[in-house]
Amino acid sequence: MSSSTTSGSGQPELTSHDYDGIQEFDNPLPGWWKWMFVATIVFSVFYALYFHIGAPGRSIAEQYDAELAANTRLQFAVIGDLTADEATINKYIHEESWLKVGKVVFQANCISCHGRDGEGKVGPNLTDEAFKNIRNLEDIARVLNKGAGKGAMPAWESRLHPNEIVLVSAYVASLRGQNLPGKAAEGTAIDPWPEYVAPPKSDVEEQPTEG
Amino acid sequence: MSTATMDASGHATDTDSTMDSFSYDDKIVRMFVTATILWGFVATLVGLIVAVILVYPWMTAGAPWIAFGRLRPLHTNAAIFAFAGNAIFAAIYYSTQRLCKARMWSDFLSHVHFWGWQAIIVAAAITLPLGFTQSKEYAELEWPIDIAIAVVWLFVFGGNFLMTLINRRERHMYVALWFYIATIVTVALLHVFNNLVLPFGLLESYSVYAGVQDAFMQWWYGHNAVAFFLTTPFLGLMYYFLPKAADRPVFSYKLSIIHFWSLVFIYIWAGPHHLHYTSLPEWASTLGMLFSLMLWMPSWGGMINGLLTLRGAWHKVAADPILKFFVVGVTFYGMATFEGPLLSIKSVNALSHYTDWTIAHVHSGALGWNGFMTFGMIYWLLPRIFQTKMWSDRMVSLHFWTSTLGILLYIIPIYAAGLMQGLMWREIDPETGALANPDFIETIQSIVPLWQLRILGGLLYVGGVVMLAINAVMTWTTRPATYEVPVITARRLSKTYQDDTPATTTELADAPVLELGKKMDIFAKMNWHRKWERLPVKFTILTTAAVLVATLFELVPTFLIRSNVPTIATVEPYTPLELAGREIYISEGCYNCHSQQIRPMVAETKRYGEYSKPGEFIYDRPFQWGSRRIGLDLAREGGRQSSFWHWTHFEDPASVSEGSVMPEYSHLLEADLRFSGIPALVNTAHQLGAPYDEELTNAEEMAYKQAERVAAEIVSQGGPANVQEKKAIALIAYLQRLGTDYFRTEDDEAAADAGEEVDAETAEAAEEIAMSN
């Protein structure tokens with residue numbers, strides 16, 4: 001604490017004020033208090049200049065764009081831009097680490113209608129063998145993108161990254177056949193998903209490991 | 001007691017002044033103290049109830065007037081305006097009279113103030129559960145009540161107070177009075193300008209501000225309601241009652257001056273820190289953050305002056321529960337005013353915003369600072385105003401310890417909950433780059449045990465208030481048959497005042513320094529302020545100016561710079577039915593749990609979609625950005641779920657979202673929408689600038705047609721038939737619209753026009769199906 005004005009007795013000096021018996025000491029501002037106050041003001045000037053002088057990359061929107069680009073690189077740099085065709089979806093049904101990404105997208109967006117495990121709630125059970133709008137793997141991506149049943153199934157095209165559509169399609173396809181107890185089967189039975197032939201072991205670099 | 005001799009001492013040539021005899025009005029203090037205890041019990045009890053139904057939503061059995069969304073505003077309003085409000089008035093009426101050596105100017109106005117304020121509280125307690133709300137936090141009350149508040153506050157209370165100041169018999173105004181002045185002026189200003197609305201019914205209205213500007217005004221108000229309703233008057237209270245109870249001089253007069261003016265000037269800028277990373281322009285957000293940082297020391301000036309006043313009196317604190325209340329209260333003030341600047345730092349706020357951290361922060365302020373200062377004051381007042389002994393000193397002690405434990409049991413779990421949920425929301429799996437906790441309800445479920453602990457803390461705090469009530473009633477029973485009314489004599493102030501204080505000198509007078517240096521040294525001794533303390537009207541004007549100038553610096557650019565809100569061509573006004581749905585959304589208090597503002601952060605856009613843009617909210621009156629996500633953000637809810645899903649969800653949220661804490665809204669599925677009320681909504685929105693055309697003449701029919709389309713959708717998705725007249729349909733129409741305009745293209749519009757006929761066919765088909773069933 002800073003030195004306070006003290007009289008001979010070591011007591012701080014009183015002002016002459018007296019309000020309903022309340023008196024006031026004439027102590028100076030505590031030094032640390034004063035200088036902290038000044039420091040916050042000085043800091044503020046520099047902070048405002050730094051972020052608002054117009055230098056590129058410092059606005060919130062620009063920082064977000066950079067962050068998003070970095071995240072997209074981390075997520076999809078290895079696999080590039082996927083097309084939602086049967087072969088691609090089928091491939092990712094069998095890539096467990098990528099299936100996990102599809103599962104996360106499913107959990108964030110789909111479980112309120114299809115249930116936590118795809119057992120169906122308002123939306124159909126995805127774990128049985130009956131399908132309403134799906135005949136093949138490509139149909140899953142199409143329904144995800146465009147929706148179905150006059151909005152019963154919303155369209156996700158503008159909300160999800162095209163790669164996410166492929167991966168969540170793969171995840172949904174992978175749920176088939178578990179026959180979890182949930183919503184009763186709707187629609188008709190369809191052919192099984194096409195056979196999957198694993199390519200030779202050359203594509204290990206496609207594992208989503210490092211960023 | 002103050003006497004004439006004391007008054008004549010010092011500097012005066014009061015030859016023409018005469019002695020006055022008068023008495024203080026303590027009856028009004030007794031009334032406000034009683035009201036404080038009563039409303040303190042109600043406010044904390046309602047708080048306890050909302051804490052319980054948050055965890056066990058089924059307990060309300062779907063009754064709309066006790067759902068969380070309607071009761072939470074009742075809790076906050078009761079705590080702020082009923083409990084803290086009456087406490088402020090008790091403090092002001094007791095201390096102002098004594099600090100001015102004058103009775104309140106008008107006993108009549110004092111009583112109008114008391115009964116007017118209680119009537120306002122009762123009106124709030126009736127209208128809020130019924131769903132009449134402006135949906136702006138702590139400014140929920142509708143316009144007729146707002147007018148009553150403005151009149152009672154400014155003219156009745158403010159007028160009576162200012163006239164008492166003018167008729168005072170103490171030459172100088174003590175620091176407590178400065179804080180009271182700032183309170184009265186600023187609260188009036190905030191209240192009036194945030195509540196400007198265009199009514200379309202006795203208890204319904206649209207804010208004159210929209211979207212970004214409405215958000216700015218609301219948090220200019222909201223933050224400064226904390227500043228000038230929960231801080232400055234309580235600092236005034238502290239400056240009077242703490243030195244009284246401790247019987248010690250105040251630590252530093254100079255500190256009082258500097259921290260008062262810096263607090264008043266800086267506080268008013270800080271509002272935008274409630275809107276970091278939202279669609280508010282970034283410069284405003286930066287100002288909010290920086291002024292909050294600069295506010296740290298001015299706030300702590302109050303804490304230092306409080307705590308250091310107790311220097312040399314700590315032995316008294318150990319023995320006196322009243323001083324214990326004050327010490328803990330001031331300490332919580334210090335903690336909260338350190339945490340405030342911390343939370344205003346953008347990167348910290350990125351984590352804390354929308355979480356329970358904010359809830360914990362305000363409760364350490366409200367329960368610790370406001371609550372404990374109030375309890376300390378009441379315990380000090382009770383034996384004095386009832387002119388008897390405290391019924392039970394042990395119970396005062398017990399109240400102190402129970403409530404302290406209660407606060408800790410409340411805030412520690414809620415801090416933990418806020419931190420936990422905030423971290424879960426933002427966590428990205430470092431390997432896959434995907435959300436680590438994609439399921440929102442899991443993040444809620446993981447903090448539910450902490451919410452349960454909070455109930456215990458709340459219970460203890462309410463228990464403390466009950467002890468206060470019992471002790472107060474028992475003390476009251478031992479009051480004398482008639483209260484003694486001491487007659488005070490004091491010298492009337494002379495018209496002229498001759499300042500005998502010697503001119504301020506500086507030790508630098510003979511030193512070889514610049515004249516400017518000497519002047520600054522004299523200025524720093526702050527004797528110039530003494531003159532202001534003799535001039536209440538000038539002081540009031542200066543305070544108003546400080547607040548106004550700071551406000552205008554922020555407010556004018558927010559309203560005038562067009563680039564703050566870039567236009568989005570595809571954003572159109574709500575349809576008549578959507579407007580009606582929006583009113584239901586507001587009335588049910590959905591904003592208490594659901595935000596409508598996605599921040600530009602990857603973890604957030606991954607969960608909710610593209611971040612919100614300022615231009616998306618130009619027809620939002622009032623804005624619905626919210627401040628806490630107990631449920632998901634709804635800014636891009638449109639098209640995310642099927643309409644039938646919404647229907648099912650309102651009927652029983654847990655059936656589709658297992659573990660959801662949302663109460664059921666089956667009453668919306670049963671009650672009919674009043675379509676005849678819709679034209680008023682459209683016309684009012686139009687008057688405020690929404691470009692409507694056919695809607696102006698045909699709103700009701702248009703709304704009905706859209707309702708039929710939504711109802712048909714629900715049928716085709718497997719839902720019940722003939723529901724087009726239900727309230728839920730309007731609400732679903734509104735929800736399905738949210739955030740969709742931003743993605744609309746010209747093609748969509750053409751398709752939508754063509755689609756209407758198809759939809760009509762669907763509706764007919766659906767009706768046929770319904771009839772054939």
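**Notes on the A–B contact**

I started with one ion pair: Asp20(A) and Lys244(B) form a salt bridge, with 3.2 Å between the closest N and O atoms. By salt bridge I mean a side-chain nitrogen of Lys or Arg within 4 Å of a carboxyl oxygen of Asp or Glu. Between chain A and chain B the count is three salt bridges.

A word on the ground rules: this is a predicted model, where local features need pLDDT of at least 70, side-chain atom pairs count only at pLDDT 80 or more, and totals for chains, interfaces and linings use all residues. Residues are numbered from 1 along each chain as its sequence is written, chains are lettered from A in the order in which they are written, and side-chain values use heavy atoms, leaving out hydrogens and water.

Next I checked the extent of the contact (heavy atoms within 4.5 Å). Chain A gives 59 residues and chain B gives 79 residues.

Which element supplies the largest share of the side of chain A that touches chain B? I found α1(A), with 11 residues. Helices here are DSSP runs of H or I, at least four residues, and strands are runs of E, at least two, numbered from the N terminus.

Last, I turned to chain B on its own. Strands β2 (residues 197-201) and β3 (residues 204-207) of chain B pair in the antiparallel sense over four bridges; pairing requires that DSSP finds at least two bridges. A hairpin joins β2(B) to β3(B) through two residues, and Gly201(B) stands opposite Glu204(B).
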